Amino acid sequence: MGKCHHCLSLKSLFSRIGGMLCHCGSPNKYKKLDSKLERKMIEMKIGASGQSNFKSIDSIILKFPQFREGLRNLRGVFEQYDEDSNGTIDREELNKCLEKLQLRLTKEEVEDLFRSCDIDGSEDIQFNEFIVLLCLIYLLMKPSSPDAVSTTLEMDSPQLEATFDTIVDAFLFLDKNGDGKLNKKDMIKALNETSPWERSPARVTRTRFKEMDWDKNGKVSFREFLFAFISWVGIESDEELPDSGS
């Protein structure tokens, strides 16, 4: 029964991403930022020296309630800078937010982040996109090793910083070969580590990977992973992952 529960939980988790990322624009506008993130993740993987707080996908799923609580703390920040209360943040509102956080970003960097996180092309940043944007900034400013000089984003929220760090750790756990992105082989290995006695059929693994790899380039960047992860956690609702007994 326990094996079946794991299997259904994983299927429910991966199916969440399907409809969310299918309407994105050209992947070219993401290339520059994704290249930066890839290099950063390689540095982080090296800095971690193979250490991780996670041992399986199940151990990541078990932390979903903590992820949800930590990320929801950003709702107040989002609403504070959504000055017209229309449920989104435009470029002017975003600039004010970043200034308040004392970030020294060029106009080009802000625009690159805005375009890369505005996945529906609405020219506004929604709450889930806002979470991704701040997490990306936090990651890019974070030292790659404990000995590096800290220039990290001051979030004034140890819980939120810990949440971002744990999400990064989850990605690094899934990035088995340490190349800064996820590929099909990484996902197969992670799924089979969870249930070595019940390996996922190749067809199922291919389907789940395609759901994450929405630009069909054969790899999943940290940015893509972030959007998927927030969808899995269910940040916009109180829904839990469907229980296998329901």
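I am working with a predicted model, where local features need pLDDT of at least 70 and side-chain atom pairs count only at pLDDT 80 or more, while totals for chains, interfaces and linings use all residues. Residues are numbered from 1 along each chain as its sequence is written, and side-chain values use heavy atoms, leaving out hydrogens and water.

H7 covers residues 107-117 and H8 covers residues 127-141. Their axes lie 9 Å apart and pack at an angle of about 135° (axes are lines fitted to C-alpha atoms, for helices over the stretch in contact, with angles from 0 to 180 degrees between N-to-C directions). H7 and H8 are therefore oblique to each other (under 35 degrees is roughly parallel, over 145 roughly antiparallel, 65 to 115 roughly perpendicular, the rest oblique).

Next I asked which residues meet. From H7 come Leu113, Phe114 and Cys117, and from H8 come Glu129, Val132, Leu133, Leu136 and Ile137. The residues of this contact between H7 and H8 divide into 7 nonpolar, no polar and 1 charged (Ala, Val, Leu, Ile, Met, Phe, Trp, Tyr, Cys and Pro are nonpolar, Asp, Glu, Lys and Arg charged, the others, Gly among them, polar).

I searched the whole structure and found 12 aromatic pairs. Phe171 and Phe225 have ring centres 5.3 Å apart and planes at 65°, so I noted the pair as edge-to-face. The pair joins distant parts of the chain, with Phe171 in H9 (residues 158-174) and Phe225 in H12 (residues 222-233), 54 residues apart. For the record, rings of Phe, Tyr and Trp (its six-membered ring) pair if their centres lie within 6.5 Å; planes under 30 degrees apart are stacked, over 60 edge-to-face, the rest tilted.

I stayed in H9 for Thr163, which counts as buried at 7% relative accessibility. Leaving aside neighbours within four places in sequence, Thr163 is in contact with Gln66, Phe67, Gly70 and Leu71 (contact means heavy atoms within 4.5 Å).

Where do Ser85 and Glu123 sit? I found Ser85 in the loop between H5 and H6 (91-100), and Glu123 in the loop between H7 and H8. Ser85 has a positive phi of about 55° although it is not a glycine, and Ser85 counts as exposed at 62% relative accessibility. Glu123 is not a glycine either, yet has a positive phi of about 65°; at 44% it counts as partly exposed.

I placed Val77 in H5 (residues 74-81). It counts as partly exposed, at 26% relative accessibility. Its C-alpha atom is separated by 8.5 Å from that of Cys97, 20 residues apart along the chain.

Of the 246 residues, 49% are buried.

Key. Helices (H or I, at least four residues) and strands (E, at least two) are DSSP runs, numbered from the N terminus. Buried means under 20% relative accessible area, exposed over 50%, partly exposed in between (1.4 Å probe, protein chains only).
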